Amino acid sequence: MGYSPETSIVLVAIAPFLAAILAPATARFTGKAAAWVLAIVPAAIFVFLLRFLEPVAGGGVIRASLEWAPAYGIALSFLIDGLSLTFALTISGIGTLIVVYSGAYLAGHPHQGRFLGFILAFMGAMLGLVLSDSTVALFTFWELTSVTSFLLIGFDHARQAARRAAIQALVVTNLGGLALLLGALVVYQMTGQWELSGVREAGDALRENPFYGLVLVLFLLAAFTKSAQFPLHFWLPNAMEAPTPVSAFLHSATMVQAGVYLLARMTPVLGDTVAWTTTLTVFGGVTLLWGAVAAIKQIDLKQMLAQTTIASLGLLVLLIGQGSEAAIAAMIVYFVAHAFYKAGLFLVVGVIDHEAGTRDITALGGLMRRMPASFLAAALAAVSMIGLPLTVGYLAKEEMYLAQAEPDAASLLVLAAMIAGNALLAGVGMAVAVRPFTGPMVETPKHAHEGPVAMVAGPLLLGALGIAAALTVGWFGHVILEPAGTAVLGLPIESHLTLALNPASVLFWLSVLTWALGGLVFYQLDALRAFLRRADAGLGWTFDKGFDAAMFGLIRFSGAVTRFLHHGRLELYLVVLFAFLALALLVPLVSLGGLDVLPPFASFGDWATAGWSWSALTIYEWAVVAIAIIGLVVLVAAQNRLVAILSLGVQGIAVALLFLLFGAPDLAFTQFMVEILSVVILTMVMTRLKLDERDRRPFEDALRDGTIAVLCGVGVTLLLSTILTGTLDMRLSDFFLTTSVPIAHGHNIVNVILVDYRGFDTLGEISVVMAAGIAILALIRGQRGATGVAKPKRARRAAK
Amino acid sequence: MNTVIFRTIAPLIVAIMAVFSIYILLRGHNEPGGGFIGGLIAASAIAILGMSSSVGEVRRALKFDPLAYAGFGVFIAGLSGLASLFIDAPFMTSIWLYLELEGTEVALSTPMVFDIGVYFVVFGTFSAVALALEDERDGGED
């Protein structure tokens with residue numbers, strides 16, 4: 001082969017992002033043809049991935065890996081096996097149709113280029129997600145799908161409902177993203193593997209680990225939020241605020257399937273335990289029925305489809321939970337069938353909405369003659385959804401009933417749930433495909449006519465594929481089902497899919513029962529809806545409202561915390577700050593025995609032996625100490641603020657002089673400047689604050705502040721004395737002394753440390769200094785009001 | 001503050017302080033001094049200038065917004081660290097260059113550039129704060 005598979009696979013995940021960056025420019029230069037031009041990218045990826053069908057069907061696994069963070073053993077690794085290839089083909093294939101469709105759906109929209117860019121970026125994230133082998137890469141792409149989906153749902157950002165839906169989807173799915181990150185980290189701790197394939201090779205290691213339960217909960221939370229499982233399903237119907245192509249792409253075939261993909265991927269390492277089977281079966285089953293019943297309640301075509309998507313996701317999770325060979329086979333076939341028919345139906349609904357101006361099922365009818373191609377597409381999709389023979393939906397249904405062959409109570413219960421769910425889905429499918437097109441013509445807001453080719457070709461093709469996959473059942477089973485099933489189960493499976501109808505089999509009659517019940521639902525749809533809506537109104541509480549309550553509660557809580565901590569009273573801030581400083585100084589000294597090492601007061605005379613005696617102080621050194629003490633006394637006694645500030649400066653200068661006299665010229669130097677500047681700045685601030693000249697405060701305040709000040713002072717003194725009694729560790733000082741000239745070419749060790757040895761620290765510090773300066777300016781200008789902000793600009797202009 | 005004596009002598013003090021600050025900055029590697037202290041001296045000079053004349057005049061004399069000086073400082077400090085990329089060494093590895101100029105040895109180095117960056121950050125930030133405070137004191141008369 002003339003290409004290197006490694007780089008090409010990496011390109012599959014990166015190319016859509018590049019295309020996304022170029023999309024707005026492409027839209028500007030190519031105008032109406034933009035979507036067709038940009039669709040080349042997903043189409044090329046699809047064709048490229050097709051080349052792997054045969055090698056993968058032959059049992060091959062294709063890997064590619066780029067170094068990412070080698071120090072941590074993290075690589076950007078990709079793996080193509082049956083499962084990831086099935087998902088990647090679905091994503092890129094449907095993605096191509098969606099891009100073309102979007103071009104017509106948003107024709108003339110000012111932000112069409114941006115929209116196409118979002119779609120392509122989302123597709124890249126999704127492809128990366130299903131192809132990654134590294135859990136870190138998986139998490140990264142997982143979060144990227146959440147972010148791009150946020151942008152797509154909120155695309156129509158002028159509407160409040162769209163913004164709310166976007167934030168809701170982001171919050172819920174990011175919750176799962178965090179769980180996934182934690183799960184990946186725990187798995188790494190347990191197995192030392194970032195690679196999923198490596199974890200799979202570890203076999204039972206995860207299941208036997210005591211932390212298996214934790215990993216299970218984390219991964220299930222991730223999958224359940226993304227795949228909208230009950231009770232975290234409420235974000236998905238709201239996400240229908242997005243333009244219809246987005247709903248068709250993200251919320252049927254791809255993003256919501258990420259959770260299903262994750263569960264299938266983790267089956268070999270997490271699956272086949274009681275906890276796994278029970279949890280997935282129960283949550284999947286409840287979600288299936290909840291979604292199917294909720295679909296009946298809707299009158300908006302898109303909402304009906306959204307609710308059936310929740311039901312289908314529940315069905316997929318249920319099948320993964322069962323974990324038998326037949327159940328996994330059914331899961332894979334159903335995933336493909338669902339992607340075809342659900343994307344197709346969404347696109348048809350988009351055409352109806354676009355051409356007729358409404359999606360209300362009760363306000364539509366008789367469109368068949370005006371929109372024959374759309375009707376055909378809807379019918380093709382619906383027969384697969386209902387599961388009539390000769391469709392891939394039929395194969396899926398047969399296989400999932402087959403998985404319940406065991407005649408025990410649990411299987412029968414699951415079987416009943418499946419039949420009920422499938423029947424409800426079939427009824428809704430019939431309603432969506434038949435109601436708008438048949439019956440008497442109903443006047444619609446727009447004069448309905450057939451949609452453009454770009455919009456009708458996609459759903460037609462998807463509908464036809466649902467039939468074609470069934471007609472080529474042998475090939476389909478060989479290249480899709482067998483490799484994907486093998487990847488999920490970890491052992492080779494054989495496809496026994498067949499189109500033949502066998503009236504002697506109980507499975508056939510179960511199908512017939514499903515169709516009959518589906519037909520009943522279809523005919524009684526209006527009555528059922530009215531009944532369910534009445535029941536709903538009686539309930540009065542939804543998960544959606546619960547989400548709002550939780551969010552507003554969170555905002556109120558953080559507001560209360562902020563008001564408690566950030567009350568805006570400077571005096572109290574300082575009291576808390578210095579009180580804690582005093583505690584931090586004194587508590588360790590007292591409780592950890594720091595005071596014991598201090599020499600007893602009687603031995604203070606010993607300092608003379610350390611080479612530092614009282615008599616060694618010269619007269620001018622005594623003078624400096626005296627200045628410092630005088631400064632302090634005046635500071636405490638001062639009635640006038642200005643005098644206090646100045647005497648504080650005097651005391652500081654005296655300390656700086658002490659530094660200078662005892663051999664720390666650099667420190668002294670800096671201390672001088674800091675003292676001068678703080679006196680200047682404090683004075684200016686004081687004049688700005690327009691306070692009384694005198695500081696009159698109640699006695700108890702002075703007592704409190706004085707106590708804290710004395711405690712801080714005593715604490716620092718004791719701390720320093722304690723440090724001085726210990727032996728000084730000279731290793732660092734010696735190192736700097738001996739090396740500063742030979743390797744750093746400087747004699748001033750303090751400066752050499754600042755700019756060379758620890759230059760990186762200094763770089764951080766000067767950035768902080770600047771950031772603090774910006775903050776101070778913002779504070780000053782914020783008080784001054786809007787006119788003051790413009791001042792420096794005016795001054796600059798005048799200078800020119 | 002605005003006595004005649006102060007106003008007359010301030011430019012002289014400021015000029016001496018500015019030159020002194022650069023001297024302190026450059027000798028810092030071998031003698032007491034360095035970018036931080038040099039920057040503080042220069043900022044004090046600006047503060048004195050602001051007191052003796054008007055803040056507007058000082059801003060005009062500076063040409064750029066004081067914070068722009070600070071930003072420039074962070075920028076060249078970071079840049080001096082990147083120079084080591086060219087000799088394939090880790091970030092902020094120091095590079096030294098000794099020039100013989102008419103018998104005097106002049107040492108140029110990336111730590112020196114870094115120190116100049118520190119000087120600008122300290123100078124810019126403290127001048128910005130001091131000028132903003134003085135601006136208010138002047139009552140925005142500029």
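Analyst: A residue is buried if 20 or more other C-beta atoms lie within 10 Å of its own, exposed if 12 or fewer, and partly exposed in between. Please keep in mind that this is a predicted model.

User: Why does Leu390(A) count as partly exposed?

Analyst: Leu390(A) has 16 C-beta neighbours inside 10 Å, and because that value lies between the limits of 12 and 20, the residue is called partly exposed. Leu390(A) sits in the loop between helix H18 (372–386) and helix H19 (392–402) of chain A.

User: Why is Asp272(A) called partly exposed?

Analyst: Within 10 Å of Asp272(A) there are 15 other C-beta atoms, so this residue is partly exposed as well. Its place is the loop between helix H14 (257–270) and helix H15 (274–297) of chain A.

User: What makes the phi of Asp272(A) worth a remark?

Analyst: Most residues other than glycine have a negative phi. In Asp272(A), however, phi is near 65 degrees, a positive value in a residue that is not glycine, and Leu390(A) likewise has a positive phi, near 70 degrees.

User: How do you know that the peptide bond between Phe230(A) and Pro231(A) is cis?

Analyst: The omega of the bond that joins Phe230(A) and Pro231(A) is about 0 degrees, and the bond is cis, whereas most peptide bonds are trans. Pro231(A) belongs to the loop between helix H11 (212–226) and helix H12 (235–238) of chain A.

Key:
Residues numbered from 1 in each chain as written. Chains lettered and ligands numbered in written order. Predicted model: local features only at pLDDT ≥ 70, side-chain atom pairs only at ≥ 80, totals over all residues. Helix = DSSP H or I, 4+ residues; strand = E, 2+ residues; numbered from the N terminus.
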